[in-house]
Structure formats: C-alpha cells, structure tokens
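Thanks for coming. I will go through one model today, helices to begin with and then strands. Please have the sequence and the structure open.

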Amino acid sequence: MIKAKKILRLIRNKVKDNNEVQFSDYDVLDAMNECIRYLNMNYALKNSDFLERVKKYRQDEMGIVFSTDGAELPEDFVSLVSVIRARDGYHLSPVTAGEDMDKHKLQSLGGYKVFAGKIYCGTDFNLAYRTEIAQINDAETDEIDLPNAFIDIIVKVSCMILQNSADTDVMMGEISKLADRIVPARRYSNVKQRMPFIC
C-alpha cells in the first residue's frame, strides 16, 4: 500500500511546487486519480495478483439460498479468478450458458453460474476475484492499493497530467511501458473450464 500523501509530496517535489503556489492539493489529487484511472484502463494489471481479493459466501450467515436466490457480487468486482468450495477447497467449474440454475444441477455438477450481477452456486464458497485500484478521496489518510514498485509510475504520469505535456495516447503508452516492467505477463487464469464431454 502506498500512502497518498507520500505521492503528493513526491509530485510537488518533481514539479518544483513545494510551496503550493502553482498547483493546489485538489489539482494534484485530481491528477493522481486520473493516473489511477489510466492504470485501471490499461490491462497491464489484468493478470496480476496485486488486486486479487477473496470474499467468503456462507448461506447461513447471509440468509439466502445461493442456488435459487443468487448472491450479489462484491461492489469492487471486476473479473473472476476462481470459485472455491468452502468445505474442501475444490475449485468449481462454471455451468454453461444454456443450462438453467437448478439447485440439484448446481450441486451435482459442482458448479456455479454468474448472471446479472449475481453468482449462483449449490454450496458455500469463497470467491477469488480481481478488483480495480480505488480512487483517492483524501490525500492525508487514503492509501493506493498497489505495491511500492508503482510509486514512480504514479508520480511520473501524474506530473505529465499536471503539466499537460502529453496527450492521452502518449500517456497510455508510457503507463503500458512502465507497468510491463513491473507486472509479469506470464500469469494465467485459474478459472477452471468445464470439459465439453461432461453432461
């Protein structure tokens, strides 16, 4: 986690505005958030584990039946990593699009289905998913949910935004180039695919 106030100080130092004459805190915060939006738009972090989260889904605690009611996906959900059965850690497979969400089918197939912002499953499970980098609201207290290796990217691109020295294509190219140095491109998806010959 990177403290937003550290980034703010580094940006001010880089643009030689330590006395806050040229840019207000709001301007710097806005540039940082724009940089974060560019990072989110760039798919460089798509297969990275920096932004992976796990949420536990238990029918008794939530008071719903997952196979019929479905459970709401987390608010910060961007993409699915895997669905893991709670009782034994087994990685569940998705039910194909044409199949209905019958409770017995979901249980017997050991599967799940994501539909209309909900996840349907025949048992308690843990949802591993990717989120996006959250925007900064307060530079004094907020933190950016990335490792320290990203400090220079955020500072450099935020300075470019503040100084209006580049257009969007150049900025996206710069973010892509810098992020590719940090984020390994060899990651693969752990989402288990259902075999086509299983009925």
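When I say that residues are in contact, I mean that they have heavy atoms within 4.5 Å. One caution before the details: this is a predicted model.

The overall picture is as follows. The protein chain has 199 residues, of which 41% are buried. It holds 6 helices and 9 strands. If you take contacts between residues at least 6 apart in sequence, 73% of them join residues at least 24 apart.

Now the helices H1 and H2. Helix H1 covers residues 4–14, and its axis comes within 10 Å of the axis of H2, with a crossing angle of roughly 110°. Angles of 65 to 115 degrees count as roughly perpendicular, and H1 and H2 are therefore roughly perpendicular to each other. Which residues meet there? From H1 they are Ala4, Ile7, Leu8, Ile11 and Arg12, and from H2 they are Asp25, Val28 and Met32. By class, that contact has 6 nonpolar residues, 2 charged and no polar ones.

H2 itself runs over residues 25–41. Its 17 residues reach 24 Å from the first C-alpha to the last, close to the 24 Å expected at 1.5 Å a residue. Several of its residues are buried, including Val28 and Met32, along with Leu29, Cys35, Ile36 and Leu39. As a reminder, an α-helix has 3.6 residues a turn, so residues three or four places apart point the same way.

Next, the loop between H1 and H2. Most residues other than glycine have a negative phi. Lys16, in this loop, has a positive phi of about 55°. Glu20 also belongs to the loop between H1 and H2, and its phi is positive too, near 60°. Are these residues buried or exposed? Lys16 is exposed, at a relative accessible area of 71%, while Glu20 is partly exposed, at 46%.

On to the strands. There is an open sheet of 3 strands, in the order S2-S8-S4, with antiparallel pairing. Strand S2 (52–57) and strand S4 (79–85) are the edge strands, each pairing on one side only. From one strand to the next the twist averages 20°. S2 and S8 (residues 125–130) are joined by 6 bridges. For a point of reference on the screen, find Lys56, which stands opposite Asn126 in S8.

Strand S7, residues 118–121, has antiparallel pairing with S3, residues 71–72, over 2 bridges. There, Ala71 is opposite Ile119 in S7. S7 is also joined to strand S6, residues 111–115, by 4 bridges, again antiparallel. In that pairing, Lys113 has Tyr120 of S7 as its bridge partner. The hairpin of S6 and S7 has 2 residues between the strands, and Ala116 there takes a positive phi near 50°.

Last, the loop between S7 and S8, where Thr123 is found. Is Thr123 buried or exposed? The cut-off for buried is under 20% relative accessible area. Thr123 has 17%, so it counts as buried. What is Thr123 in contact with, leaving aside its neighbours within four places in sequence? The answer is Gln59, Phe66, Arg85 and Arg87. Of these, Arg85 falls within the range of strand S4 (79–85).

That is what I had. I can go back to any of these places on the screen.

Key:
Residues are numbered from 1 along each chain as its sequence is written. This is a predicted model: local features need pLDDT of at least 70, side-chain atom pairs count only at pLDDT 80 or more; totals for chains, interfaces and linings use all residues. Side-chain values use heavy atoms; hydrogens and water are left out. Two strands pair if DSSP finds at least two bridges between them. Axes are lines fitted to C-alpha atoms, for helices over the stretch in contact, and angles run from 0 to 180 degrees between N-to-C directions. Buried means under 20% relative accessible area, exposed over 50%, partly exposed in between (1.4 Å probe, protein chains only). The expected span of a helix is 1.5 Å times one less than its number of residues. Angles under 35 degrees count as roughly parallel, over 145 as roughly antiparallel, 65 to 115 as roughly perpendicular and the rest as oblique. Ala, Val, Leu, Ile, Met, Phe, Trp, Tyr, Cys and Pro count as nonpolar, Asp, Glu, Lys and Arg as charged, and the others, Gly among them, as polar.
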